[in-house]
Amino acid sequence: MNEPPVFRASSCVVRASPAPVSRQIVVLNMAATGNEEQTLLPDIEEEAEGMEREMESEEEEEEEGMGVEHSEEEDEEDTSEDERENEAEIQRLEEQLSINAFDYNCHVDLIKLLRQEGKLHRLRKARQKMSELFPLTEEIWLDWLKDEIRITEDESDREKVYELFERAVKDYMCPEIWLEYVQYSIGGMGAQGGIERVRSIFERALTAVGLHVTKGASIWEAYREFEIVILSTVQPPPGSVPSQEQQELLNAQLDRIHTLFRRQLAVPLMDMEGTYAEYSDWADNGVPETATHQYRRALQQMEKCKPYEEALLVSETPKLPEYQSYIDFEMKEGDPARVQIIFERALAENCLVPDLWIKYTMYLDRQLKIKDLVLSVHERAVRNCPWTMGLWKSYLLALERHGTEHQTVMDVFEKALNAGFIQATDYVEIWQSYLDYLRRRVDFSKEWSRELDELRAAFARSLDYLKQDVEERFSESGDLSCTIMQIWAKVEALHCKNMQKARELWDSIMTKGNAKYANMWLEYYNLERSYGDAAHCRKALHRAVQCTSDYPEHVCDVLLNFERVEGSLEEWDAAVQKTETKLNRVNEQRARVAEKEALLSRQEEEKAEQRRKAKADKKGHKKSQKVNRTGDKRKAEDECEEEWGEDAELPSKRLRGERDYGSMATEELMETESGLFGRRAPLSRKTEPPGFRKNQQRVLEADPQDVSKEQRKEENSVFVSNLAFNLEDPEGKLRTLFQGCGTVQQVRLVYTPKGVFRGYCYVQFEDRLAVPEALKLDRQEVDGRPMYVSPCVDKNKNPDFKVFKYKTSLEKHKIFISGLPYTCTKETLEDLFKEHGTIKAIRLVTNRAGKPKGLAYVEYENEAQASQAVLKMDGTMLENFALSVAISNPPGRKMEDKVAPSRILGATMQRQPQGARGKGRTQISLLPRSLYRQSAPDAKAENGTISAPHATVTDGVHGGPGTASLDTQTKSLSNEDFARMLLKK
């Protein structure tokens, strides 16, 4: 047989754990003495311990020497000053903890300072106090353990360190602490039974963390390498023949190593392939078939776990959703050990999540039912989340379920009372759980027992506790329906046959405000009916009829039914009289309440009718003043335009009643009844209503932006329109909105004569360079409406200036979509059309209020992509809407043409269907329809249009209002043709 790879094995131990160098020397010395008997191990161990102590003492001396040099270099006064400050801080922290022992951060700071100052005795005491109140973190435990290991001198001190390790591994599942534990135990293997103790600790470590997918392999490797080193101590020297006893020891040790390899390969862990390769190299006859089969199964399980491990790897602490998914997966797999390990991993990072502890303890109670494991988890749960009543309740049930001593249950219950629950009802529930436990301990077959006295004393104490402690803290006892007293009364009546005590308890219940509830009286009646006598039942029902206020009819029916079965004629008459009196009184009270409610209802109706009348009168008054208001608005608008020296842009929709008078110098042609065209006389302004100038002056005086015309600069200004009339603080919002473009000099808001905001304004900047930046805010939403931003241009000086920024010609790289649902968004369109090419822009068409029209434009990089989208997407369905997709070809913007005057009868004229004021009465043509001849433009395919050979109809989706043209042949007419048309019917 080949000699085992002793030095390779020892190097693996160094890799598996960050153990001190002195501890690794023990393993190396053991490996170097492979030809010695096992009886030499104590001597080797003692020598190693001596070397360890020497190295530690040398390190301490070096540190002390360095400290002396450092202190000589530093100023002694500064050092003493730092020490005094640290001591003062330590005393402050200790005083604070004496006031509030549950200040977790204060504990941590105190321990850190004491460790820094090297005050080991006070440090040990501080750590002990904290560990009694809180579970300690991995970092605190490792620091504590290393400090205690460093000052260990004899075997009794080692036992104290062992006890400290036992406490540490109970708080949380921590592979690092277990690894430190087994490494420390190797240092004591020279003692009697030391090797077996090391193996026992290794086995416990494997049980606790051996299934940890990412960190469990370190425990397996350390255990396996430890056994390989032990193998080197039992091997005979080369060339010698081992005795039968030595051969048995050798075979047993080989079996242990083989078993460890096979056990590890059966567990899904990270880097399983490396372990399998190492086993293949180590085994003389290769890996057994059974081990290979288990290894493959573990690999398959590892593949299932990998997604969850990767999710944990990339997520951030506390990773609760990822752990929840992992737990659900393992619970479906059904391996209790793996479920336990993933719960422990989750709780190590989410120790303050009560629901996670509840789920874990419930699983253990129902599935594993191992006493030590279940109770230890329950204890850890209440230490981490002491404010959760449900955890304490489950803990008490688990203690009783596993037959724990009564004193232990009492101690746990007392701790629960001091846990500081957040609701008064939590104290009621924990008392109920404890009383249930005490009741189950009583043997009611005996007339008297100590357990029965203890139960009665606990009932009495619970009532006092709820009345004093709980009510003082929460201003209520938490037991409004006296549930605990009801349970006590039922126990006395059912088990103890003591109806007198039960009646006393029910009398106390009724005096606590429960006498008006029918269900409470019926509970008492049912108790008397079951365990009392008829006289007390009758008495209880008579009191119920007298006191009940919520359901008196039901109580009266119960009394009458009882007398039908149990009562005499006199008792029946008394019951009928009592119930009739009670019901008559109740009906009278209800009638008075109903009358009062009806009166209140009538008063409310009268008030509502008055409000409706006032609203109607106000509305009629507004209608009567509509004409005057219209004149006021028009005049205020004209004056505003004159102030700016331009024809200001107004919203396209005019208020009803507004009239577009235009300039006084403009000549407007109109048709006459004879067909001749003449000049229309200028319209005269209506007489200003009384108080108009007064109102307008008041509005202008109230405007803080009123500045002279010389201070206004059109080139530095923009025109903002389509704002909501009810916009709150429009000036402040607009200043905030445009301040990123440049310094806002003024915001000129346009108001009605009554001071109502008209929805448009002018924003002037200090620098004209801010205007292009401001124009980029065009169509941005302000309170749900698109804000229009355009240059401030005098249209009298620039009549051909156009604000519309979109093209009105054929765009082959852009598609037009109609028939969209109003709920459609840009993201929906992008997801729908991006597969046909690269989308550069998407525009949803909206009205002035910002509401969608069901239309959109999608711009692609080139014509080919747009054509492909039209071919593929035209006619498709989106949310039950059929989409119409075409190349973008919006109609031109409709401009009003001025018609030159002509006095020739029958001269060709293109009729304008709607004038500047809409379909006014003065625009109705008085010429015969047959005299009109219209020339149709060339048919052109536009978005939203339908072309026909002799008719063109535009629906106005993109352009202006819809138009219709009849294509007639243009030719000269003779006098006979003209006469024929006049006579035609």
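1. β7 is mostly covered: 5 of its 7 residues are buried. Buried means under 20% relative accessible area, exposed means over 50%, and partly exposed lies in between (1.4 Å probe, protein chains only). Strand β7 spans residues 785–791. Strands here are DSSP runs of E with at least two residues, helices are runs of H or I with at least four, and both are numbered from the N terminus.

2. A note on the basis. The model is predicted: local features need pLDDT of at least 70, side-chain atom pairs count only at pLDDT 80 or more, and totals for chains, interfaces and linings use all residues. Residues are numbered from 1 along each chain as its sequence is written, and side-chain values use heavy atoms, with hydrogens and water left out.

3. The sheet is open and has 5 strands, in the order β4-β5-β3-β7-β6, with antiparallel pairing. Two strands pair if DSSP finds at least two bridges between them. At the edges are β4 (744–751) and β6 (780–782), each pairing on one side only. From one strand to the next, the twist averages 30°.

4. Helix α31 (residues 730–738) packs on this sheet. The helix touches β3 (717–721), β4, β5 (757–765), β6 and β7. Contact means heavy atoms within 4.5 Å. The direction of α31 makes about 140° with that of β4. Axes are lines fitted to C-alpha atoms, for helices over the stretch in contact; angles run from 0 to 180 degrees between N-to-C directions.

5. Now the partners of β7. With β6, the antiparallel pairing runs over 3 bridges. Gln780 has Met787 in β7 as its bridge partner, and Val782 stands opposite Arg785. The β6–β7 hairpin has 2 residues between the strands, and Asp783 takes a positive phi near 55° there. With β3, β7 pairs in the antiparallel sense over 4 bridges. Ser790 in β7 is the bridge partner of Phe719.

6. Glu330 deserves a look. This residue is in helix α15 (residues 320–333). Is Glu330 buried or exposed? Glu330 is buried, because its relative accessible area is 1%. Not counting residues up to four places away in sequence, Glu330 touches Gln301, Cys305, Asp335, Arg338, Val339 and Ile342.

7. Leu352 is another case. This residue is in the loop between α16 (336–349) and α17 (354–368). Its relative accessible area is 54%, so Leu352 is exposed. Leu352, Trp387 and Ile422 make up a nonpolar surface patch, with about 320 Å² of accessible area together.

8. Terms for that patch. Members have over 30% relative accessible area and no salt bridge; nonpolar side chains (Val, Leu, Ile, Met, Phe, Trp, Tyr) are joined within 5 Å, like charges within 9 Å. A salt bridge is a side-chain nitrogen of Lys or Arg within 4 Å of a carboxyl oxygen of Asp or Glu. Accessible areas come from the Shrake-Rupley method with a 1.4 Å probe; for residues, only the protein chains shown count as cover.
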